[in-house]
Amino acid sequence: MNPNLNQLQPYPFQKLRLLLEGVVRNAALSPIDLQIGEPKHATPDFIRQAIVDNLDGLSAYPTTLGIPALRNNIAAWIKQRFNLPEINPDTEIIPVNGSREALFSFAQATIDRSAASPVVICPNPFYQIYEGAALLAGATPHFINTLPENRFRLDFSQLSHDVWSRAQLIYVCSPNNPTGAVMTLEEWRELFALSDRYGFVVAADECYSEIYCDETKPPLGALDAAHQLGRTGFPRLVAFNSLSKRSNVPGMRSGFVAGDAAILQQFLLYRTYHGCAMNPAAQAASAEAWNDEKHVVENRRLYAQKFSEALALLADAMTVQMPDAGFYLWIKTPIGDTEFTKRLYQDYNVTVLPGSYLARDAQGSNPGKNYIRVALVAPAQECSEAMQRIKSLVTQFS
């Protein structure tokens, strides 16, 4: 077996199961599960119908590049959403089976193992796929801690010249999972300058880009930032996005990668051998989904309602901030995050995820320690009830 498999840590939800094993939940209260970032809003009927209407497509092998209608609709959406004058649907876009598989496989195609001690850089806390992708590609992950005193921004000065000089790939997540921070244009300017200097590729994970509460302020995207900064052709930049959160279809496994045509040409070759083609019914339904914004606006309205109610309920008991975007609350705990998680599960029948499970020790600390990630994915009434229970536990320590 690949010896690098031995470097993989248990996934956060495996750790959570072990943490809560044997803990008896308070049966007097209904269970509320907010630990997983799995959308629970209803899948729009028109997407479901599009799947049914295109089941005959299952009789044919799909192409890795996907059908033109899907790529064209993705291109139209990208241009409108990220204020681009043009993007080529044939060379600068590839449909993928959700952003997760693409984020993982991208490292396998990108990392040059013949180089001395290749490095992949990740934010910390982070989506665990980044680390696993780096390790299985034969690279060493290095982390940039995102801290509350810096509003969870990326401080690129945390890493030395030696690390940057060996970096081949950096994963950035904006809006960030779990903090909700959105990268600014100045952060992008600094990151692009580092990429130009050291030659590494930027993988921009934007799967939460369509979950935000102010309709007048959609989060800045990587392609938009590159265009604003005059970077023609998106050099060494690939953005990843998904329908899972935007359109409430996590089970459909549908997304795209877009950006540097030269990199995507090589990634397409890799994917052709890897067997990553999206099934034809999902492609047809995805084309319809990217072409409609009404359901996305309604989706955001539901999340905005839950955030408004959650912050109002928690405000007088703890310091909790509205994230820039995404559907997570990143809450500081009055005691250790794992102990708080156990107490909340045992006494109040609410399940959340300890922040330390989403981070690693770097620069002398674990930046997820004493935080919990709360996914506001349940129905509004359940989320409000969960906030009341969290508040009740917090007040025991005040």
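Visitor: Which residues line the second largest cavity?

Guide: In this predicted model, the lining of the second largest cavity consists of Ile78, Phe82, Glu206, Leu223, Ala239, Phe240, Asn241 and Phe256. The space inside the second largest cavity is about 30 Å³. Strand 7 (residues 237-242) gives the most to this lining, with three residues.

Visitor: How does the lining of the second largest cavity divide by class?

Guide: The lining of the second largest cavity has six nonpolar residues, one polar and one charged.

Visitor: How many cavities of 30 Å³ or more are there, and what is the volume of the largest cavity?

Guide: The count comes to two cavities of 30 Å³ or more. The volume of the largest cavity is about 100 Å³. Its lining is made by 13 residues, of which Phe152, Leu154, Cys173, Ala181 and Met183 are the closest to the centre. By class, the lining of the largest cavity has eight nonpolar, three polar and two charged residues.

Visitor: Are Arg360 and Glu131 buried or exposed?

Guide: Both Arg360 and Glu131 are buried.

Visitor: What does the salt bridge between Arg153 and Asp324 tie together?

Guide: Arg153 and Asp324 meet through their side chains at 3.7 Å, N to O. Arg153 is in the loop between strand 4 (140-145) and helix 6 (161-166), and Asp324 is in the loop between helix 12 (294-314) and strand 9 (328-332), so the pair ties together parts 171 residues apart in sequence. Arg153 counts as buried because its relative accessibility is 14%, under the 20% limit. Asp324, at 37%, counts as partly exposed.

Visitor: Which residues are linked with Arg300 in a network of salt bridges?

Guide: The network links Arg81, Glu210, Glu215 and Arg300. Within it, the side chains of Arg300 and Glu215 meet at 2.7 Å, N to O. Arg300 lies in helix 12 and Glu215 in the loop between strand 6 (201-205) and helix 8 (222-228), so this pair ties together parts 85 residues apart in sequence. Arg300 counts as buried at 4% relative accessibility, while Glu215 counts as partly exposed at 40%.

Visitor: What is the phi of Asn83, and what is that of Asn349?

Guide: Asn83 has a positive phi of about 55 degrees although it is not a glycine; Asn83 lies in the loop between helix 3 (68-81) and strand 2 (93-96). For Asn349, phi is positive at about 60 degrees. Asn349 is in the loop between helix 13 (337-348) and strand 10 (350-351), and it counts as buried at 4% relative accessibility.

Terms used. Residues numbered from 1 in each chain as written. Predicted model: local features only at pLDDT ≥ 70, side-chain atom pairs only at ≥ 80, totals over all residues. Heavy atoms only, no water. 1 Å grid on protein atoms, 1.4 Å probe; cavity = no way out; pocket = protein on both sides within 12 Å on 5 of 7 lines; lining within 4 Å. Points joined across faces, edges and corners; volume = space filled by probe spheres on them. Nonpolar A, V, L, I, M, F, W, Y, C, P; charged D, E, K, R; others polar. Helix = DSSP H or I, 4+ residues; strand = E, 2+ residues; numbered from the N terminus. Buried < 20%, exposed > 50% of the residue type's maximum accessible area, 1.4 Å probe, protein only. Salt bridge = Lys/Arg side-chain N within 4 Å of Asp/Glu carboxyl O.
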